[in-house]
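Dear colleague,

I am handing over the structure we spoke about, and below it you will find my notes on what came out of it. Please read them with the coordinates open beside you.

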Amino acid sequence: MGLFRKKAVGAPAAVPAHVAFIMDGHGRWARRRGLPRKAGHAAGAEACRRIFRYCKKIGIRTVTVYAFSTENWSRPKDEVDALMKLFDKYVDTLLAEYRQHGVRFVFIGDKSPLSPELREKMERLERESAALFDDYTLNIAINYGGRDEIVHAVNSLLAEGKTAVTQEDIASHLYTAHSPDPDLIVRTAGERRLSNFLLWQASYSELYSTQTLWPDMKERDVDEALHSYAGRVRRFGGVK
């Protein structure tokens, strides 16, 4: 859980290696403006681009965003369809621009319910960006659930013939095995729960909640979260 020292204006001198974001408030953002919910999701996609660019600029090596949970399928069909259409367009944009970002893109979660065409594009982006970049990673959680992830890891181990498993075994079979555990988890819109996000990985993560709605998230909001994180003492169960 090392700290990198690469200062930007307003950001603390020490920043965490991995920050995860639970992006909340899209619907409220749209409702306050008299817009359909899909407008909030579109604004949230642009906020995601803005926030990741800033995180990379100040030296955060890994960012994970909670884009679509396993529970989100229960939302109204028109909203789910709009989200999938937006996500498909977002992946197309990343495929066209990923060389400019200098980032490895990884999609974490169960891709099987997604269309074959979308899965192929996601896998292509993962493959091509991994071959070129490994200094910075953006994990995008799509059809992701923390409990499902742990079950998937255990079933993978059983399929390998394991009859007893260790914590290290499970950690190495998680969707995020390529990344360190998050140092800091930020949730927007004033909510203060994990909502089935990175349950295993969050064991010793610091948590931060902001009233800012995700589509309104700006660089200064990231700075506020990082300043809060920098003032904490992380004991990992020990005494300091």
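**Helix 2 and its two partners**

Helix 2 passes helix 3 in a crossing that is right-handed. Please keep in mind, here and throughout, that this is a predicted model. The axes of helix 2 and helix 3, the latter covering residues 77–101, come within 10 Å and cross at roughly 30 degrees. Since angles under 35 degrees count as roughly parallel, helix 2 is therefore described as roughly parallel to helix 3. On the side of helix 2 the contact is made by Arg-37, Lys-38, His-41, Ala-42, Ala-45, Cys-48, Arg-49 and Lys-56, while helix 3 contributes Glu-79, Ala-82, Leu-83, Leu-86, Tyr-90, Thr-93, Glu-97 and His-101. Sorted by class, the residues of this contact between helix 2 and helix 3 comprise seven nonpolar, three polar and six charged ones.

The other packing partner I would point out is helix 7, residues 219–230, which packs with helix 2, residues 37–57, at an angle of about 50 degrees, the axes of the two being 9 Å apart. Helix 2 and helix 7 are therefore oblique to each other, and the crossing in which helix 2 passes helix 7 is right-handed. Here Arg-50, Ile-51, Tyr-54 and Cys-55 of helix 2 meet Glu-219, Val-222 and Asp-223 of helix 7. The residues of the contact of helix 2 with helix 7 divide into four nonpolar and three charged, with no polar residue among them.

**The chain as a whole**

The protein chain holds seven helices and eight strands. Its radius of gyration is 18 Å, close to the 18 Å that the globule rule gives for 240 residues, so the chain is as compact as a globular protein of that length. Along the principal axes, the C-alpha trace spans about 50 × 45 × 35 Å. Of the 240 residues, 50% count as buried, and among contacts with a separation of 6 or more, 74% are accounted for by residues 24 or more positions apart.

**Some loop residues**

In the loop between strand 7 (184–187) and strand 8 sits Ser-195, whose phi is near 50 degrees, a positive value in a residue other than glycine. Asn-196 lies in the loop between strand 7 and strand 8 as well, and has a positive phi of about 65 degrees although it is not a glycine. As for accessibility, Ser-195 counts as partly exposed, at 29% relative accessibility, whereas Asn-196, at 14%, counts as buried.

Thr-210 is found in the loop between strand 8 (206–209) and helix 7, and with a relative accessibility of 6% Thr-210 counts as buried. If its neighbours within four places in sequence are left aside, Thr-210 is in contact with Arg-187, Thr-188, Ala-189, Gly-190 and Met-217.

Ala-164, by contrast, counts as exposed, at 57% relative accessibility, and has its place in the loop between helix 5 (146–159) and helix 6 (167–172).

How values were computed
Residues are numbered from 1 along each chain as its sequence is written. This is a predicted model: local features need pLDDT of at least 70, side-chain atom pairs count only at pLDDT 80 or more; totals for chains, interfaces and linings use all residues. Side-chain values use heavy atoms; hydrogens and water are left out. Axes are lines fitted to C-alpha atoms, for helices over the stretch in contact, and angles run from 0 to 180 degrees between N-to-C directions. Helices (H or I, at least four residues) and strands (E, at least two) are DSSP runs, numbered from the N terminus. Angles under 35 degrees count as roughly parallel, over 145 as roughly antiparallel, 65 to 115 as roughly perpendicular and the rest as oblique. A crossing is left-handed if the near helix is turned anticlockwise from the far one by less than a right angle, and right-handed if clockwise. Contact means heavy atoms within 4.5 Å. Ala, Val, Leu, Ile, Met, Phe, Trp, Tyr, Cys and Pro count as nonpolar, Asp, Glu, Lys and Arg as charged, and the others, Gly among them, as polar. The radius of gyration is taken over C-alpha atoms; the globule rule is 2.2 Å times the number of residues to the power 0.38. Buried means under 20% relative accessible area, exposed over 50%, partly exposed in between (1.4 Å probe, protein chains only).
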